[in-house]
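Please look over the model below before reading my notes. They go point by point.

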Amino acid sequence: MQDAAEENKAQETENLTQEKSTEELLAEEKDRYIRLFAEFENYKKRTVKERNEFFQYAHQEMMISMLGVLDDFERALKEISKNGNEADLKGVELIYQKFKSKLTEKGLKPIEVNAGDVFNVDLHEAITSIPAPSEDLKGKIVDVVETGYLLHDKVIRFAKVVTGS
């Protein structure tokens with residue numbers, strides 16, 4: 001009799017542990033499901049973000065190659081305005097403005113830099129340093145050699161500047 005009672009107790013204990021383990025398994029599976037769902041949501045958000053960035057910066061290489069053409073237009077406009085006739089200047093200026101507006105539509109923006117601005121390594125590239133013409137230009141930009149450009153708030157070409165020392 002005593003053996004039978006002990007066996008019943010052992011079976012009840014096993015049943016309790018089996019029930020407990022079933023609840024634990026359910027809790028573990030539920031936790032695993034929630035984590036997997038959260039991981040999948042994060043994956044979807046990350047891929048959408050990467051895809052948007054890809055489309056936003058897909059033109060970057062083309063834009064960088066077009067900057068040379070834009071610089072050539074600016075140099076041509078300066079030379080034609082010095083010693084060219086008015087009709088040539090208007091024609092080249094018209095093409096330049098159209099070309100520049102098309103690049104602006106795609107997200108290209110020039111970095112605004114003026115003499116006397118504070119040098120910022122995130123936007124400017126110092127190509128040389130000269131003695132400052134005045135005391136207030138020490139450590140600041142003295143001249144802009146080449147315009148810098150942003151593509152959707154990302155620098156694709158730093159502005160080349162001369163700083164005062």
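The points cover the basis, the fold, the surface and the cores.

1. Basis. This is a predicted model: local features need pLDDT of at least 70, side-chain atom pairs count only at pLDDT 80 or more, and totals for chains, interfaces and linings use all residues. Residues are numbered from 1 along each chain as its sequence is written, and side-chain values use heavy atoms, without hydrogens and water.

2. Fold. The chain has three helices and six strands. Helices (H or I, at least four residues) and strands (E, at least two) are DSSP runs, numbered from the N terminus. The order from the N terminus is α-α-α-β-β-β-β-β-β.

3. Contacts. Take contacts (heavy atoms within 4.5 Å) between residues at least 6 apart in sequence: 65% of them join residues at least 24 apart.

4. Surface. Buried residues (under 20% relative accessible area, 1.4 Å probe, protein chains only) make up 19% of the 165 residues. The chain exposes about 12,600 Å², by the Shrake-Rupley method with a 1.4 Å probe. Carbon and sulfur atoms supply 54% of that area.

5. A nonpolar core is a set of buried Ala, Val, Leu, Ile, Met, Phe, Trp, Tyr and Cys residues joined through side-chain atoms within 4.5 Å. The largest has 14 residues; Met63, Leu67, Leu70, Leu103, Leu108, Tyr149 and Ile156 touch the most other members. Helix H2 (60-83), helix H3 (86-105) and strand S4 (149-151) each give two or more residues to this core. H2 gives the most, with six.

6. Leu70. Beyond four places in sequence, Leu70 touches Tyr96, Phe99, Lys100, Leu103, Leu108 and Tyr149.

Conventions: Buried < 20%, exposed > 50% of the residue type's maximum accessible area, 1.4 Å probe, protein only.
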